[in-house]
Amino acid sequence: MFVISLKQTIIVENFTAMKKPYFWVTKAIFITIILLLCTSWGFFAHKEINKMAVFTLPQPLMGFYKKYIDFITQQAVNPDKRRYAVAGEAPKHYMDIEFYSDSILLKRPTWQEATNLYPEDSMQAHGILPWNLIRLTYTLTDAFKREDAKAVLKISADMGHYVGDLHVPLHTTKNYNGQLTGQHGIHGLWESRLPELFSGSYNYYSGSAEYITDVRKYIWDGLTESRECVDSVLFIEKELQGKFTEDKIFSYEDRNGQTLRIYSYAFSEAYHKSLNNMVEKRMKAAIKMTGDLWYTAWVNAGKPTMTETGQPVFSEEELTETEQLKHTAPIDCSH
Ligand SMILES: [Zn+2]
């Protein structure tokens with residue numbers, strides 16, 4: 001599915017002046033569009049990460065995941081849909097490292113240690129991405145031990161999503177949308193517009209999944225790498241802004257009767273080039289980590305032969321669990 005994913009760039013003309021029946025229909029469409037716009041990595045990249053991770057796995061595990069590859073791919077975006085309706089979901093997607101200070105990347109406290117250092121409500125406000133991902137790895141091991149195929153698939157899909165978020169530099173800073181530096185919209189530009197435009201030339205091959213002996217270290221390492229990219233992500237875009245006039249930075253497209261202001265192809269291309277393959281590298285690393293963590297959880301569970309397991313049956317309700325969630329999306333974007 002192609003999704004336009006630039007935040008804060010919608011122009012809805014005469015929105016409030018519409019007559020009542022049209023007003024509510026239009027409002028519903030508007031909210032839906034906002035939901036689609038306010039996603040991490042964009043729906044496209046999240047789905048790619050989950051799908052490609054399946055191909056890093058060894059047999060017989062790959063055989064199991066491949067059977068449900070459509071499910072794993074489609075469900076990659078569920079955590080983003082849940083975040084607007086499920087309490088406690090949003091903080092799992094990011095970490096404002098400024099709140100914790102960069103020293104946390106060296107200290108790498110456990111959840112228990114962290115809750116002794118910071119008030120838990122502040123942690124929930126500023127993001128708990130790495131701790132949630134570490135916890136999920138153990139949850140996946142338990143699901144494998146029970147040979148609960150349905151739980152394995154759901155947890156695996158969620159994990160791929162959070163691993164994806166961990167690899168987006170702007171998910172590690174409170175300046176997540178350039179709002180503090182006059183770069184509003186950069187979040188969607190980096191993680192959605194660029195992969196949608198240029199991923200056709202990406203090489204996703206990242207080798208075979210490997211067993212990770214220290215999951216905690218591995219996840220914190222990934223977060224640290226993302227954090228190290230933040231300055232470049234912001235600085236390069238800022239510099240390019242100075243080289244383009246405003247009318248060359250943005251262009252307008254008509255989608256579903258709405259006029260959208262989006263970053264122009266020329267600006268996006270220049271930014272993508274200046275980033276020196278950063279988006280491709282982060283996507284590739286996310287694919288590798290997703291495969292590694294699925295594989296590690298399976299090994300730690302004693303390599304169960306999931307082929308013996310009955311087919312997991314997902315209800316219509318489960319497969320489309322977010323239909324009603326769409327209507328709860330706030331207008332404001334977060335990271
Ligand atoms: Zn997310």
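**Reading the labels in a predicted model**

The axes of helix H2 (residues 42–54) and helix H12 (residues 186–198) come within 7 Å and cross at roughly 70 degrees. The model is a predicted one.

Me: Why is H2 called roughly perpendicular to H12?
Reply: The axes cross at roughly 70 degrees. Angles of 65 to 115 degrees count as roughly perpendicular, so H2 and H12 get that label.

Me: Which residues make the contact of H2 with H12?
Reply: Gly42, Phe44 and Ala45 in H2 meet Glu191, Ser192, Pro195 and Glu196 in H12. Contact here requires C-beta atoms within 7 Å.

Me: What makes up the contact of H2 with H12 by class?
Reply: There are three nonpolar, two polar and two charged residues. Phe, Ala and Pro count as nonpolar and Glu as charged, while Gly goes with the polar class.

Me: Why is strand E2 described as hardly covered?
Reply: A residue is buried if 20 or more other C-beta atoms lie within 10 Å of its own. Among the six residues of E2 (residues 250–255), the count that are buried is zero. For the protein, buried residues make up 40% of the 335 residues.

Me: How do you know that E2 and E3 pair?
Reply: Pairing needs at least two bridges found by DSSP. E2 and strand E3 (residues 258–263) have six bridges, in the antiparallel sense, so they count as paired. Arg255 stands opposite Gln258 in E3, and Asp254 stands opposite Thr259.

Me: What lies between the strands in the hairpin of E2 and E3?
Reply: Two residues lie between the strands, and in this hairpin Asn256 takes a positive phi near 50 degrees. The protein has three strands, along with 17 helices.

Me: What is the confidence of the model, by pLDDT?
Reply: The average pLDDT is 85, on a scale from 0 to 100. A score of at least 70 is reached by 82% of the residues. Over residues 1–38, however, the pLDDT is below 50, and that stretch has 59 contacts in the model beyond near neighbours in sequence. Residues 327–333 also stay under 50, with 13 contacts beyond four places in sequence.

Me: What share of contacts join residues at least 24 apart?
Reply: The share is 81%, taken among contacts between residues at least 6 apart in sequence.

How values were computed. Residues are numbered from 1 along each chain as its sequence is written. This is a predicted model: local features need pLDDT of at least 70, side-chain atom pairs count only at pLDDT 80 or more; totals for chains, interfaces and linings use all residues. A residue is buried if 20 or more other C-beta atoms lie within 10 Å of its own, exposed if 12 or fewer, and partly exposed in between; C-beta atoms are placed from the backbone. Helices (H or I, at least four residues) and strands (E, at least two) are DSSP runs, numbered from the N terminus. Two residues are in contact if their C-beta atoms, placed from the backbone, lie within 7 Å. pLDDT is the predictor's confidence in each residue, from 0 to 100. Axes are lines fitted to C-alpha atoms, for helices over the stretch in contact, and angles run from 0 to 180 degrees between N-to-C directions. Angles under 35 degrees count as roughly parallel, over 145 as roughly antiparallel, 65 to 115 as roughly perpendicular and the rest as oblique.
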